[in-house]
Amino acid sequence: MQITRLPGRGLVAAVISSIGIRHEGAHGLVSTGFYLDLSRVLRNPADDPALRYRTGLDGDVYAHVLKTPGALTLISRTVVQLRALADEVPVGRLVRLTVACQGGRHRSVAAAETVDRLVWEAWGGAYGVDVEHHHIDRPVLTSSTLV
């Protein structure tokens with residue numbers, strides 16, 4: 001697992017997890033909070049041989065995901081929802097978002113990183129935001145890979 005941390009002046013207020021829903025045990029990683037499944041709504045960079053073995057942390061994969069029609073709108077709406085939930089929970093309690101795609105290397109990683117940055121910026125760095133990429137280091141899945 002890889003973790004991205006955007007520190008705040010206060011406590012960590014949000015934890016965003018990226019997962020590959022086709023990996024064994026992935027469903028157990030879905031926790032309370034919001035769940036966003038990108039498996040069918042964004043282009044899969046793994047379909048492009050030049051991007052297949054890279055991750056959503058790589059600039060070209062990240063750009064590919066965000067250029068998908070509707071991606072920025074979906075991400076912006078998710079940021080608004082996450083911030084609204086955070087406004088309702090007591091200070092010191094975490095809000096959670098799980099972002100899923102098929103393999104957890106491309107779409108979910110890029111989207112989670114974008115939500116992370118936008119939420120942190122909207123809070124003006126007042127609170128920390130962590131992103132946990134659970135399956136980023138797993139092998140690329142093929143259509144014949146079973147869970």
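Author: What follows takes up the helices and then some single residues. Keep in mind that this is a predicted model.

Reader: Which residues of α2 are buried?

Author: They are Ala71, Ile75, Thr78, Val79, Leu82 and Ala86. They cover an arc of only 105° around the axis, and therefore they lie on the same side of α2. Exposed residues on the other side of α2 are Arg77, Val80, Asp87 and Glu88.

Reader: What covers the buried residues of α2?

Author: The cover includes the strands β2 (12-20), β3 (34-37) and β4 (95-101), together with the helices α1 and α3.

Reader: Take Thr78 in α2. Why is it called what it is called, buried or exposed?

Author: Thr78 has a relative accessible area of 6%. Buried means under 20%, so Thr78 counts as buried. Leaving aside neighbours within four places in sequence, Thr78 is in contact with Leu36, Leu97 and Val115.

Reader: Now α1. Which of its residues are buried, and what do they pack against?

Author: In α1, residues 59-66, the buried ones are Val61, His64, Val65 and Leu66. The buried residues of α1 pack against α2 (71-88) and α3 (107-122).

Reader: What makes the pair α1 and α3 parallel, perpendicular or oblique?

Author: The axes of α1 and α3 come within 9 Å and cross at roughly 85°. Angles of 65 to 115 degrees count as roughly perpendicular, so α1 is roughly perpendicular to α3.

Reader: Which residues meet where α1 and α3 are in contact?

Author: From α1 they are Tyr62, Val65 and Leu66, and from α3 they are Arg107, Ala110, Glu113, Thr114 and Arg117. By kind, the residues of this contact divide into four nonpolar, one polar and three charged.

Reader: How does α3 compare with the span expected for a helix?

Author: α3 has 16 residues and reaches 22 Å from its first C-alpha to its last, close to the 22 Å expected at 1.5 Å a residue. The buried residues of α3 include Val109, Ala112, Val115 and Val119. Among the elements that cover the buried residues of α3 are β1 (2-6), β2 and β5. After α3 comes Gly124, whose phi is positive, near 60°.

Reader: Trp120 lies in α3. Why is it not called buried?

Author: Trp120 has a relative accessibility of 26%. Buried means under 20% and exposed means over 50%. The value for Trp120 lies in between, so it counts as partly exposed. Not counting residues up to four places away in sequence, Trp120 touches Leu6, Pro7, Gly8, Gly125, Tyr127 and Val129. Trp120 and Ala14 are 106 residues apart along the chain, and their C-alpha atoms are separated by 9.0 Å.

Reader: Arg40 and Arg52 are both in the loop between β3 and α1. What are they called, and how do you know?

Author: Arg40 has a relative accessible area of 81%. Exposed means over 50%, so Arg40 is exposed. Arg52 has 23%, which lies between the cut-offs of 20% and 50%, so Arg52 is partly exposed.

Reader: How far apart in space are Arg40 and Cys101, and Arg52 and Leu74?

Author: C-alpha to C-alpha, Arg40 and Cys101 are 8.2 Å apart, and in sequence they are 61 residues apart. Arg52 and Leu74 are 22 residues apart in sequence and 23 Å apart in space, again C-alpha to C-alpha. Beyond four places in sequence, the residues that Arg52 touches include Pro45, Asp47, Arg105 and Val140.

Reader: Last, His135. Where is it, and is it buried or exposed?

Author: His135 is in the segment after β5 (128-133). Its relative accessibility is 3%. Since buried means under 20%, His135 counts as buried. Apart from neighbours within four places in sequence, the residues in contact with His135 include Ser18, Ile19, His23, Leu29 and Gly104.

Note on methods: Residues are numbered from 1 along each chain as its sequence is written. This is a predicted model: local features need pLDDT of at least 70, side-chain atom pairs count only at pLDDT 80 or more; totals for chains, interfaces and linings use all residues. Side-chain values use heavy atoms; hydrogens and water are left out. Buried means under 20% relative accessible area, exposed over 50%, partly exposed in between (1.4 Å probe, protein chains only). Helices (H or I, at least four residues) and strands (E, at least two) are DSSP runs, numbered from the N terminus. Contact means heavy atoms within 4.5 Å. The arc is that of the directions from the helix axis to the C-beta atoms. Axes are lines fitted to C-alpha atoms, for helices over the stretch in contact, and angles run from 0 to 180 degrees between N-to-C directions. Angles under 35 degrees count as roughly parallel, over 145 as roughly antiparallel, 65 to 115 as roughly perpendicular and the rest as oblique. Ala, Val, Leu, Ile, Met, Phe, Trp, Tyr, Cys and Pro count as nonpolar, Asp, Glu, Lys and Arg as charged, and the others, Gly among them, as polar. The expected span of a helix is 1.5 Å times one less than its number of residues.
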